Amino acid sequence: MVLESTVSYQSGPISPYARPILLVRGLIRERRHWGAIYSVLSRLFPSRPILSFDIPGNGSMAHLKSASTIAELRQSLRIQLRLQAMSISSIDIVAISLGGMLALDWQHNYPNEINSIVLINSSNARFSPFFHRLSWRSYHRIILALASRTIRQRQQRILCLTSNAVYRHQDTLNQWVEWAGQSPTSLSNACYQLKAAATFNFPHQPKVPTLIVSSKQDRLVNSACSEALACHWKVNHKQHPTAGHDLPLDAPDWLIKQLSNWFRLVDPDTPLH
């Protein structure tokens, strides 16, 4: 599969009979960071709208103050979804890291709105210690990234934190630098999002079909966090052996395969191209 570098987004009216797939990114990331995943899913599932929204403080909403709780961040996505697709009955969510926490909170509080969730390299204070949820080996690198003097330096450090194949992603780095120049996430907003993630403690069993996806060599969030979620909830878990925290970047073909298999499982009538 050849992955494209361009990113486009659903626009116009959405059929009430088509269940959207919503892509949710994580800490200080924006929807454009899904890269080619968006366009490939659009080709594979042409009858389904593929959506993605930014949370306040990131991307197209970088000018807004970020919330410091998962519930508030989740609500911003719900509002954006209803503004674009008021008549839909439910969605499938694919979410990474902090985004996975929003997905869990959403399906618990509004289970009728969610058909299934996929959690990529996410975590939960209920089952994992803080030094697994944010690897202690990365603390100084995170601080350096947030305190970087230039946009390129900050994005370079984020790439080194989240990818295990930095040498392959120099074109991607240039895109990140461009996007960050257009829509910079402030240090204060980054701190609000860190607080939301750090304090997320979810004691409940998911109410909808759930798939856990993780990177065994994740150097930012220990893969034991995903293993703990899958173990406590007795849900499916797929693990990539070498990718970094940004699994959609490091192993997009593998991730697309897992998503395709998952959506055929939870919605077997969906046409696949």
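The paragraphs below take up helices, then a pocket and a cavity, then individual residues. The model is predicted.

Helix H1 covers residues 36–44, and seven of its nine residues are buried, so H1 is largely enclosed by the rest of the structure. The buried positions are Ala36, Ile37, Tyr38, Ser39, Val40, Leu41 and Leu44.

Helix H11 itself runs over residues 252–266. Its 15 residues should span 21 Å at 1.5 Å a residue, and its end C-alpha atoms are 21 Å apart, which agrees. Buried in H11 are Pro252, Leu255, Ile256, Gln258, Leu259, Ser260, Trp262 and Phe263.

The length of helix H6, residues 151–162, can be checked in the same way. At 1.5 Å a residue its twelve residues should span 16 Å, and the end C-alpha atoms are 16 Å apart, so the two values agree. In H6 the buried residues are Arg154, Gln155, Ile158, Leu159, Leu161 and Thr162. These cover an arc of only 160° around the axis, which means they lie on the same side of H6.

Turn now to the empty space. Rolling a probe the size of a water molecule over the atoms shows where such space is left. The largest pocket has a volume of about 590 Å³. Its lining consists of 32 residues, and those nearest its centre are Leu27, Ser97, Leu134, Leu194 and Leu220. Helix H3 (98–109), helix H4 (130–133), helix H5 (139–146), H6 and helix H8 (187–198) each give two or more residues to this lining. The largest share, four residues, comes from H8. By class, the lining of the largest pocket divides into 19 nonpolar, eight polar and five charged residues.

How many cavities of 30 Å³ or more does a search of the whole structure find? It finds one. The largest cavity has a volume of about 50 Å³. Its lining is made up of Val24, Arg25, Gly26, Arg29, Glu30, Arg31, Phe53, Asp54, Ile55, Asn58 and Leu77. Of these residues, four are nonpolar, two polar and five charged.

Backbone angles come next. Most residues other than glycine have a negative phi. Isoleucine 28 is not a glycine, yet its phi is positive, at about 45°. This residue sits in the loop between E1 and H1. Is isoleucine 28 buried or exposed? Its relative accessibility is 12%, so isoleucine 28 counts as buried. Asparagine 121 also has a positive phi, near 45°, in a residue other than glycine. Its place is the loop between strand E4 (114–120) and H4. With a relative accessibility of 2%, asparagine 121 therefore counts as buried.

Threonine 162 counts as buried because its relative accessibility is 10%. Which residues does it touch, leaving aside neighbours within four places in sequence? Threonine 162 is in contact with Trp176, Leu220, Gly244, His245, Asp246 and Asp250. Threonine 162 and glycine 244 are 82 residues apart in sequence, but their C-alpha atoms are 5.5 Å apart in space. Leu220, one of the contacts of threonine 162, is also among the residues nearest the centre of the largest pocket.

Terms used: Residues are numbered from 1 along each chain as its sequence is written. This is a predicted model: local features need pLDDT of at least 70, side-chain atom pairs count only at pLDDT 80 or more; totals for chains, interfaces and linings use all residues. Side-chain values use heavy atoms; hydrogens and water are left out. The expected span of a helix is 1.5 Å times one less than its number of residues. Buried means under 20% relative accessible area, exposed over 50%, partly exposed in between (1.4 Å probe, protein chains only). The arc is that of the directions from the helix axis to the C-beta atoms. On a 1 Å grid over the protein atoms alone, a cavity is a set of points where a 1.4 Å probe fits but cannot get out, and a pocket is an open set with protein on both sides within 12 Å along at least five of seven lines; lining residues have an atom within 4 Å of a point. Grid points are joined across faces, edges and corners, and a volume is the space filled by probe spheres set on the points. Ala, Val, Leu, Ile, Met, Phe, Trp, Tyr, Cys and Pro count as nonpolar, Asp, Glu, Lys and Arg as charged, and the others, Gly among them, as polar. Contact means heavy atoms within 4.5 Å.
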